[in-house]
Amino acid sequence: MKERAWGTMAMRRMGQAALLAVSFALASCGGDIVPRGRVERASKAPRDARPAAPPPLELRQCMVKLQSQSVLFTPLPDQNFGGGCTAMGSVKLLDIGVPATNLGAMTCNLAANFAAWARYGVQPAARLILGAEIERIETFGTYNCRPIAGSGKLSEHAHSNAVDVSAFVLSDGRRITIEQGWNGDRQTRQFLEIVRASACKRFRTVLSPDYNVAHRDHFHFDMGGRGGFCR
Ligand SMILES: [Zn+2]
């Protein structure tokens, strides 16, 4: 809980730029930290009901899919970090065609959907609506061993099964943050709504500033739960 408390303080006290400047481990503490009393949607069964790792065939198929998308990645060894926190069937994305910051361990399915979203959802939307290329997608990170605040359940981040996207940097120098852009000008709002809609087709759970105040500054995407939760 110490980590979460520190993360919450950090979120309050540090500017986003400062937050992104610190190490990956700390940066991954950002994301969907929910203030006490607020509960992120419980998107999965209790931790002991969770399968240890995806079946080998499913994992192999996912990795073949990544390769077919010309995604560069490294498969990571299965890891059990204790306290129910794991990174099973995970990869580290090295090159998805659109640079993205702070990506640590991601389950293969999450990684494949993220790569496709960046390339086929975000990049075309930026060209069409904003008239610029996406130069960088900024995230608060992926793996983070912590519960959903206000709940005993572990976050999908504790299974390297979630990613928090915070901003988009464009080739013309603009930086669109979720926090400011969500209530920004019409064009920016249209872009963010389209990339969220694209995410909703790919990830099982998508949480945006429309969901609650804890998500005012990022999109949370995960591959947990039954799917179809998009808000
Ligand atoms: Zn999150």
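This is a predicted model: local features need pLDDT of at least 70, side-chain atom pairs count only at pLDDT 80 or more; totals for chains, interfaces and linings use all residues.
## Terms and model

Exposed means over 50% relative accessible area and buried means under 20%, with partly exposed in between (1.4 Å probe, protein chains only).

Residues are numbered from 1 along each chain as its sequence is written, and side-chain values use heavy atoms, with hydrogens and water left out.

## The chain overall

The chain holds seven helices and 11 strands. Helices (H or I, at least four residues) and strands (E, at least two) are DSSP runs, numbered from the N terminus. Of its 231 residues, 50% count as buried. The accessible surface is about 10700 Å², and carbon and sulfur atoms account for 53% of that; the areas come from the Shrake-Rupley method with a 1.4 Å probe, and for residues only the protein chains shown count as cover.

Contact means heavy atoms within 4.5 Å. Among contacts between residues at least 6 apart in sequence, 62% join residues at least 24 apart.

Helix α4 (residues 56-68) has 13 residues and reaches 18 Å from its first C-alpha to its last, close to the 18 Å expected at 1.5 Å a residue. The expected span is 1.5 Å times one less than the number of residues. C62, M63 and L66 are the buried residues of α4. They fall within an arc of 95 degrees seen down the axis, so they line one face of the helix; the arc is that of the directions from the helix axis to the C-beta atoms. These buried residues pack against β1, β4 and α5. After α4 comes S70, with a positive phi near 55 degrees.

β1, β4 and β5 form an open sheet of three strands in the order β1-β4-β5, with antiparallel pairing. β1 (72-75) and β5 (106-107) stand at the edges with a single partner strand each, so one side of each is left without a neighbour in the sheet. Two strands pair if DSSP finds at least two bridges between them. β1 is joined to β4 (residues 90-95) by four bridges, and L72 has D95 as its bridge partner in β4.

## Q123 in helix α5

Q123 belongs to helix α5 (residues 108-130). Its relative accessibility is 7%, so Q123 counts as buried. The side chain of Q123 reaches the backbone nitrogen of I134 at 2.7 Å. Leaving aside neighbours within four places in sequence, Q123 is in contact with V98, A118, A132, E133 and I134.

## Strand β10

Strand β10 (residues 219-222) is covered on both faces: F219 and F221 are buried on one side, H220 and D222 on the other. β10 pairs with β7 (residues 162-170) in the antiparallel sense over four bridges, and A162 stands opposite D222. β9 (residues 205-207) also runs antiparallel to β10, joined by three bridges; there L207 has H220 as its bridge partner.

## Helix α7

The 17 residues of helix α7 (residues 186-202) should span 24 Å at 1.5 Å a residue, and the end C-alpha atoms are 25 Å apart, which agrees. Its buried residues are T188, F191, L192, V195, R196, S198 and A199. They cover an arc of only 160 degrees around the axis, which puts them on the same side of α7. The face turned away from that side carries the exposed residues R186 and K201.

Technical notes. A polar contact is a pair of N or O atoms within 3.5 Å; within protein, one must be able to donate a hydrogen and the other to accept it, and residues adjacent in sequence count only if both atoms are side-chain atoms.
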